[in-house]
Structures are given as C-alpha cells and as structure tokens.
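Biologist: Could you walk me through this structure, taking the whole chain to begin with and then some of its parts?
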Amino acid sequence: MLGFLKENVIGQLRRRRKWTQTELAGYSGLDKFFVSRFETHVRSPRDKAFASMMRALDLPEDTLFCPCLDTSSIHVFGLKDQLLHELQWGIHYPERLKKAENLLMELSGTDGFDVGINKQFILSCTARLYEAQGKHPGEILDITKEGLATTYPEFDPETFRGDMLLFCEPELIHSRALAYRRMGNTDKSIGLLRRMSTGLARLPQDDRSKESLLAPVLLDLSRLLLDTGYYDHAMNACEEGMRMSNKRNKGKYTPDFTFIKAKALHKAGSIKESEALFLSACASFSLMRKQNAAKEVKEYANRLGISFETFDMENQPVNVPNLSVEHGSVISCKTLGEFFYGLRAETGMTIAEACEGICNKSILNRLENNSKSTSIFNLEALLQRYGRCTNKYFTPFLSLKDFDILQLRNRINLMLATGQYAEAEAHLGKLADVKLFKRGMNLQYIKLAEAQIYNDKHGYNDRCMEMLKDAWLTTRKVFDEDSIAKTRLSYSEIVITNLIGLHMCESGELRRGVRLLESLCNSMKHYYVDESARIRMYPAVLYNLSKFMGRMGARNDAYALALEGDELCTKHGDFDMLSSFAINRAVNLSELGDKEKSVPIFAQAFYSAGLLGEIANQVAIRQYVKERLGINLDV
C-alpha cells in the first residue's frame, strides 16, 4: 500500500464518494468531531472505529491496516515478492513468465484475495503479465477497469490527479497507458503518463510509489515521445528519469534511459555524442544480465554505422538467480497485536530479548495483548529485530509530527549516503532535539550518524571506534565480537558492526576485521527471513569482506564472495553495487591469472560507473587496466 500523507487516505476515499465528514460519520455510527480529527492527523482511530468506517466505505476492514492484515498468512508476503520478481525478469527472459503465471494462480486461490486491495493487486499483476505475454490490449483495458473500480469507481482519465492515487491504482493506470499505446492511441497514452509523472513527482520524497513507479512511467513516456518525434522532450524525460533512477532506484533503469537518450541525440543530429551513450548502455545491460537488451543496443548502433569494441561482453553469463524468500509460519492475525506476537513467537525470542534497548517489557506485552499501541519508532525497531523490511508494514496512520520526523530522518540518510556530511550534521541537530530520539534505537541512530560524520572529518582513529562502540552499547550491554554470528541484529546494529569491521581493516587489524565481517555475514544469512530487509545492507557487508579478503591474498574466496554479491544485486536490480562487485570480481580474476575473463568485466564496470557518475571508480579502473593488462578504455 502507498504510505503517503499528502492527504489522508480516509479523506480521499470519502471525497471520491462525494460524502461530507458528517455523512461518513453517520454511515459509520461515529461522531463527526472524531472523523475530522482523524482526517487532520490529530489522532489515529481505534480498531473498532476504523472497522466501522471501512464498512461504511464498502471496503474490507483490513484494507488500510498494515498489509500483514490484508491476508490470513504471512506466507503471502513471500509469494508477492516472488511474483513481482518474475514479472520484472519476464520482460527479458520470457520463459520466466510461466512461473509468474503459476504464482499468480496460487495467490488468486488464497483466502481473502477475491476482495479489496488484495484483488486489486492480483488484477494489477495480471495486467502486467498480459502485457509481457503480448495479449490483446482490450483484455488489459478490461482488467485495469475492474481493478480501478475496486477503490476508484469514479476514475476519469481526464481529471485524475497522479499524487492522489492509492494502493495499486498507479500500476493499473500505467498498464492502461501501455494498452492504449499498443492500440495506436498514442495521444491518450502520453496524456495518462504525463498526468501520472507530474503527480508522482509532487509526492513526498520517501513515498514508495515515487521510488518504484515514477522511473518506469518516465521511461515509457520518453519512448513514446521519441517515437512521435519530440526528441527534446524525450531527452528531458530521460534526464529526469536518470536522476530518479540513480537517486531512488539504485540505477536500475539508467541503461534504458541512456539507450533512449542516445537514440534521441542521434535523430537530433548529435552523432558523436550519441556514440558514447550507445557503448555505455550496451556495457551496462550486459553487466545487469540483460543480454537481449545489450544485443539490441549493439545491433541498433551497427545499423546507424556506429561500431564499438565490446570486449565480448555479450558472452558473459546470463543466469539471473531466483528470488529465495524464507517464508514465515502461517499466522492468522486480525490485529496488530496478534501479528507482533506471531513474529516474536516465530523468532523464538522472549519478551525481554525482543525489548532490549527498544522499550519496556510492559509496552510490548500490552501491544501483543491489544491493550495499548506504541510509537511508530518502537514498531519499526521491533520489526528490524524480527528480520523484517519495515517499509512493507507501515500504514498511513501516522501523525503529522511522526511523518515530519520520518521525512527528516530520510533526508539525513540520503545525505549520509551521498557524502553530504555538513548538511547531514545540520539536520541531525534538529532530530536530536526530538524527545523520541533521546533513547533506544532512535538515540543509537543519532550516535551512529555522528560517528559517520566524525569519520568523514578525521578518518579512522581511536575516537571514531569509541563512538561506534558507544552507539552499539545504546541497545546492547556489551560488544562481543565472538557472539555476533549468533545475534539477531537490527539494521542500525548491522551498520555499526560493518563500520567497526571496516575500521579494523583500514587501521591495520586486517585479520580481526575480516573475522568480524565474516561473523556479520553469518548472522545476516541465518537470522534475516525477509529478503528485502536483508538486501538493504547485506551487499555492502559482502563487498567489504570480499575486498579485504582479497587484500589478505585469499583471492579465490574473495572472488566467490564478489560473485555472490553480484548475483544478489542482479536479482534486486541494485545497479550501483553491481559496478562495485564487478570491480572486485575483475581484480581477483586478474590477480589469479585469468586476465582474458577479467577484461570484459573491467569494461562493464568502467562504462557503467560512468553512467552512475562514479568518476573516481572510472579513473581507478582505467589506470589498473592500462598498467596491468595493457588495454586502453575510452570514456
């Protein structure tokens, strides 16, 4: 479900029916004053009041609770992940569409998937499957119409606002636009995509719909603009799409935008400028295991009379790993308390173990017994400890204050990730003043960020190590290196442990640091049951371990780890980390004496790093390849 708070979801659903707050209150048996306070985020509804409003809106009671409650089984989370994964790769490997079809049938037969947003999810995936299979666009239009009627019966393609869409509505409208394109109605298709891209761009920065859907919408829009001869507009859409892809989608769609931009540049007369982009797109598609796309780029360029050295990149392995999700036990849950009790029972943790460094035992006890709720930050911390991806479970029922805090934290995360440490420090001061961030995992987040900023200013030293260990002790009694592999860690604890291991390796304690990173990898392999939760940090840990094992001379082990990370990132479309793992793979192959195999991987990493703006990596790769292999790579 979408998690935005641009306007309250209940308020949006009410306005779609053209009801006043008084009418909704009357149909729900509630006081108008309560509905007003809820829609303005002054308070959140209790279970009974919320159920009454859902019944009044003719929607299942579980529609807007966290997604764990829109089905009777946590097992369904894994099925959803696998289905979306197969649909993603089915575009490039049609044989995988059969597996997507089987998963869709299994989900359709699951209890609760014939109503509400579960039904809408099924119809959305069916439309995507039919599009990939090339079925008649009329069928897709019928499916998307039925899906939209589930939550948006008055949908009008001429008046809808892209920033006011809920649930799977954006995906359904996107599928409609593609169906119109195949029917030859280009103007209608462009109109839908433009309205969506404009609206989605207005959403808050951490809205998941913006991360997952805006780049694909811009991609299809740029293709249509290119086909209709609007080359300047197509290039503008590509530029915006590339920024979104690199910033929010880890470069997942960057090669696609590059290919379209290269076409537009060539058609507009910028021949020389387009040549470099064709080469970069070909190399990047090859690195991402999209061999058919790489072949298409090369053939398209050859038809234009453009030839370039690919170093046999198209001969790289094309296997894309399957998504492996360790499903949770089947847990019937009708309330948030039952859900959290089920997660804790599944992990085998006691209340004391689950609460350590997060909250009092009484708070979790009352939450599990549905006698009291707790802050969104406690819920987030508990989910992390249970090895779950927090984005899946949060609801739009945050107060404006909590939402603002989450927005501030997300901005700090982005600044830390992009090296904007001075800006991050300024925002961190605001966050440190918030009462909720003076204890537990929230305080740990502050201390961790301060350690990262200090490290940027002063490098690795004893003070930095002290700050990292102090951050660890916020939620744990001691820092025991030997017990890391047997400890269920939160996301912040994983980041801290990774930085401590990195600190040890860089400051001369190479073997000790490598042992710690190995223990951290084992912990994440053993305890993280949610693939999307593990992917947040696991590749970074693998990358560090691979790099430092290589420095120790364990080249075969370092290569194996780099290959594992490469497969993991390929599976999840993590393009920026793919480039990093490619460097590790190529360097270790070269040092092991297999220079012939290392050359195409170096080429992939070199041109892909250029698309991501990683100039330092490009320079380092070019210098290494020239000195050690005697090959020149051109920008």
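This is a predicted model: local features need pLDDT of at least 70, side-chain atom pairs count only at pLDDT 80 or more; totals for chains, interfaces and linings use all residues.

Biologist: Okay, what is the secondary structure of the chain, how many helices and how many strands?
Modeller: The chain has 31 helices and 0 strands.

Biologist: And how much of the chain is buried?
Modeller: The chain has 635 residues, and 57% of them count as buried. As for the surface, the chain exposes about 27,000 Å², of which carbon and sulfur atoms supply 48%.

Biologist: What share of the contacts comes from residues 24 or more positions apart?
Modeller: If we take the contacts in the chain with a separation of 6 or more, residues 24 or more positions apart account for 66% of them.

Biologist: Let's turn to helix packing. How is a pair of packed helices described?
Modeller: Two numbers are used, namely the angle between the two axes and the distance between them. For helix H12, residues 231-248, and helix H13, residues 254-267, the axes come within 9 Å and cross at roughly 160°.

Biologist: Are H12 and H13 roughly parallel or roughly antiparallel, then?
Modeller: H12 and H13 are roughly antiparallel to each other, because angles over 145 degrees are counted that way. Their crossing is left-handed.

Biologist: Which residues make that contact between H12 and H13?
Modeller: On the H12 side they include Tyr-231, Met-235, Cys-238 and Met-242, while on the H13 side Phe-257, Ile-260, Ala-264 and Leu-265 are among them. Taken together, the residues of the contact of H12 with H13 divide into 9 nonpolar, 5 polar and 3 charged.

Biologist: What about H24 and H27, what are their angle and distance?
Modeller: H24 packs with helix H27, residues 538-551, at an angle of about 15°, and their axes are 11 Å apart. That angle makes H24 roughly parallel to H27, and H24 passes H27 in a left-handed crossing.

Biologist: Which residues of H24 and H27 meet?
Modeller: From H24 there are Ile-494, Asn-498, Leu-502, Cys-505 and Glu-506, and these meet Ala-540, Val-541, Asn-544, Lys-547, Phe-548 and Arg-551 in H27. The residues of this contact of H24 with H27 divide into 6 nonpolar, 2 polar and 3 charged.

Biologist: Staying with H24, is Ser-492 buried or exposed?
Modeller: Ser-492, which lies in helix H24, residues 491-506, has a relative accessible area of 8% and is therefore buried, since the cut-off for buried is under 20%. If residues up to four places away in sequence are not counted, Ser-492 touches Gln-384, Gln-444 and Leu-448.

Biologist: And Leu-542, where is its place?
Modeller: Leu-542 sits in helix H27, and with a relative accessible area of 0% it is buried. Leaving aside neighbours within four places in sequence, Leu-542 is in contact with Cys-521, Leu-561, Glu-564, Gly-565 and Phe-581. Leu-542 and Leu-561 are 19 residues apart in sequence, and their C-alpha atoms are 6.4 Å apart in space.

Biologist: New topic: what does Ser-124 contact?
Modeller: Ser-124 has its place in helix H7, residues 116-133, where it is buried with a relative accessible area of 4%. Apart from neighbours within four places in sequence, Ser-124 is in contact with Cys-168, Glu-171 and Leu-172. From Ser-124 to Glu-171 there are 47 residues in sequence, yet the two are 6.4 Å apart in space, C-alpha to C-alpha.

Biologist: Where do Phe-167 and Arg-289 lie?
Modeller: Phe-167 lies in the loop between helix H8, residues 137-151, and helix H9, residues 169-182. Arg-289 lies in the loop between helix H14, residues 271-287, and helix H15, residues 291-303.

Key: Residues are numbered from 1 along each chain as its sequence is written. Side-chain values use heavy atoms; hydrogens and water are left out. Axes are lines fitted to C-alpha atoms, for helices over the stretch in contact, and angles run from 0 to 180 degrees between N-to-C directions. Helices (H or I, at least four residues) and strands (E, at least two) are DSSP runs, numbered from the N terminus. Angles under 35 degrees count as roughly parallel, over 145 as roughly antiparallel, 65 to 115 as roughly perpendicular and the rest as oblique. A crossing is left-handed if the near helix is turned anticlockwise from the far one by less than a right angle, and right-handed if clockwise. Contact means heavy atoms within 4.5 Å. Ala, Val, Leu, Ile, Met, Phe, Trp, Tyr, Cys and Pro count as nonpolar, Asp, Glu, Lys and Arg as charged, and the others, Gly among them, as polar. Buried means under 20% relative accessible area, exposed over 50%, partly exposed in between (1.4 Å probe, protein chains only). Accessible areas come from the Shrake-Rupley method with a 1.4 Å probe; for residues, only the protein chains shown count as cover.
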